[in-house]
Amino acid sequence: CQCGHTAALAVHSCTSTAVTASLPEFRPERRLKAVLKKREYGPKYTQNNFITGVRAINEFCLKSSDLEQLRKIRRRSPHEDTEAFTVFLRSDVEAKSLEVWGSPEALARERKRRKEAEIEYRENLFRNQKLLKEYKDFLGDTKPRSSTAGMLLKGPGKVVMVAICINGLNFFFKLLAWVYTGSASMFSEAIHSLADTCNQALLALGISQSARTPDPSHPYGFTNMRYIASLISGVGIFMMGAGLSWYHGIMGLLHPQPMESLLWAYCILAGSLVSEGATLLVAINEIRRSARAKGLSFYQYVRLSRDPSTNVVLLEDAAAVLGVTLAATCMGLTSLTGNPYYDSLGSLGVGTLLGAVSAFLIYTNTEALLGRSINPEQLQRLTELLESDPVVRAIHDVKATDMGLSKVRFKAEVDFDGRVVTRSYLEKQDIEQLLQEIQQVKTLEELEAFMLKHGENVIDTLGAEVDRLEKELKQRNPDVRHVDLEIL
């Protein structure tokens, strides 16, 4: 019956509930993941950084004798001329400075005192240099001739010095000829020679300044001083040479004046043509020799402004030879026809010639100072050298800048193959000893110590690989002086 069926269901339900309550609760098995506790690296962690002896002495007001008692650590040197150098733990240096000075306040006072003394020294530096020069003038300078003076006696410096002497003499004789004849073309030629002499003196100054050694304010040296001097020279040719020639030519057209006998003027122009031609040949031979050494044509070497000082002499002397020819032609037409307008047109022609030379010099030297890239073929060779190395997987953002005077700065972002770097490290290790160290690792602390030890060594190996690549780039490409490889 219906009542009996309901009672049976109730009994079955109670029985199932009792059985379920008596069984243990089933839960899926979970595996715990062992992880190291994340370490917070606060400012105090920098005490474990390394610091060089120079920084320890300067920043913590210590003496070299104070550092002898500290722990010395040999590290891979970032400099090419040293294999390794000594550093100290920053924490040791800080503790030693407190021991020497007694308190942080005393150390701060000493730092302040030294800073004030440094400022006072810089303020008196000019006065000290002036006094030193007076002592040298009085006692005599017995030091050997510096390399700066030597640069003016060979190569581009020799070309510039020869040009200064010849153009100075030309200016003197052309000026006498103008005073005697009153020729506008001769005046333009005199101004032309004066401008050349002044500009080449400026080039000599630029050459001497470019030989200065790098200092903290100019870490890449002073090689661009040649381009700066050449740029100023181009502006000087335009303002002083072309401007005055145009002015004198225009005034001759507006107010023509009869000229005296031109015999002496022709003689001086002939002598000027010979002397300017000799200087031009010296500049051409120097550029050919330098272009041959770089594997470039004569035109490419001049257009790229590889040697700005010799370029200026070449173009100025070429303009001088053409200017003398033009001036002599116009003066001859004036002599034959008696029309002074031809002479004034010669002055305008010389001014236009100087303007074209100055425009070329300004353009090429501006391009060089802006930091132009090297030629694509050379850049491709550098790129292929890096990509062919097993430790490099890819390179990105490659830049190679011509710093002037055959000095190239190369920069690239390099994706290193971590497996190759690690294998390079393992090849230098005792594998059996390394396996024993691994087998002795039982706890998380021991694992952390093991990984930290060998991880630091792998990073050192990566640094050594970077040094090797930089050295190979410089050896195979002598023009490359500075290499910056950034690790991706």
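Three strands make up an open sheet, ordered S1-S3-S2, with antiparallel pairing. At its edges are strand S1 (50-52) and strand S2 (73-76), each of which pairs on one side only. On average, neighbouring strands of this sheet are turned by 55° against each other, direction ignored. Strands here are DSSP runs (E, at least two residues), and helices are DSSP runs too (H or I, at least four residues); both are numbered from the N terminus. Two strands count as paired if DSSP finds at least two bridges between them.

This is a predicted model: local features need pLDDT of at least 70, side-chain atom pairs count only at pLDDT 80 or more, and totals for chains, interfaces and linings use all residues. Residues are numbered from 1 along each chain as its sequence is written, and side-chain values use heavy atoms, with hydrogens and water left out.

**Around the sheet.** S1 and strand S3 (residues 84-89) pair in the antiparallel sense over three bridges. Which residue in S3 stands opposite Phe 50? Leu 89 does. Helix H4 (residues 90-101) lies across S1 and S3 and runs at about 60° to S3. Such angles run from 0 to 180 degrees between N-to-C directions, with axes fitted as lines to C-alpha atoms, for helices over the stretch in contact.

**A buried alanine.** Ala 320 sits in helix H13 (residues 308-337). Is Ala 320 buried or exposed? Ala 320 has a relative accessible area of 1%, so it is buried. Buried means under 20% relative accessible area, exposed means over 50%, and partly exposed lies in between (1.4 Å probe, protein chains only). Leaving aside neighbours within four places in sequence, Ala 320 is in contact with Glu 189, His 192, Asp 196 and Glu 276. Contact means heavy atoms within 4.5 Å. Ser 193 is 127 residues from Ala 320 in sequence, yet the two are 7.9 Å apart in space, C-alpha to C-alpha.

**Salt bridges.** A salt bridge is a side-chain nitrogen of Lys or Arg within 4 Å of a carboxyl oxygen of Asp or Glu. By this rule the count is 17.

Arg 55 and Glu 59 both belong to helix H2 (residues 53-59), four residues apart, about one turn of the helix. Arg 55 is partly exposed at 36% relative accessibility. Glu 59 is partly exposed at 31%. Asp 417 is buried at 9%, whereas Arg 419 is exposed at 65%.

Arg 468 and Glu 465 both lie in helix H18 (residues 444-476), three residues apart, about one turn of the helix. Arg 468 is partly exposed at 28%, while Glu 465 is buried at 11%. Both belong to a network of salt bridges that links Asp 389, Glu 465, Arg 468 and Glu 472.

**A nonpolar patch.** Leu 169, Phe 172, Phe 173 and Leu 176 make a nonpolar surface patch of about 410 Å². Patches are made of residues with over 30% relative accessible area and no salt bridge; like charges are joined within 9 Å, nonpolar side chains (Val, Leu, Ile, Met, Phe, Trp, Tyr) within 5 Å. Accessible areas come from the Shrake-Rupley method with a 1.4 Å probe, and for residues only the protein chains shown count as cover. Phe 173 is in helix H8 (residues 155-181). Its relative accessibility is 41%, so Phe 173 counts as partly exposed.
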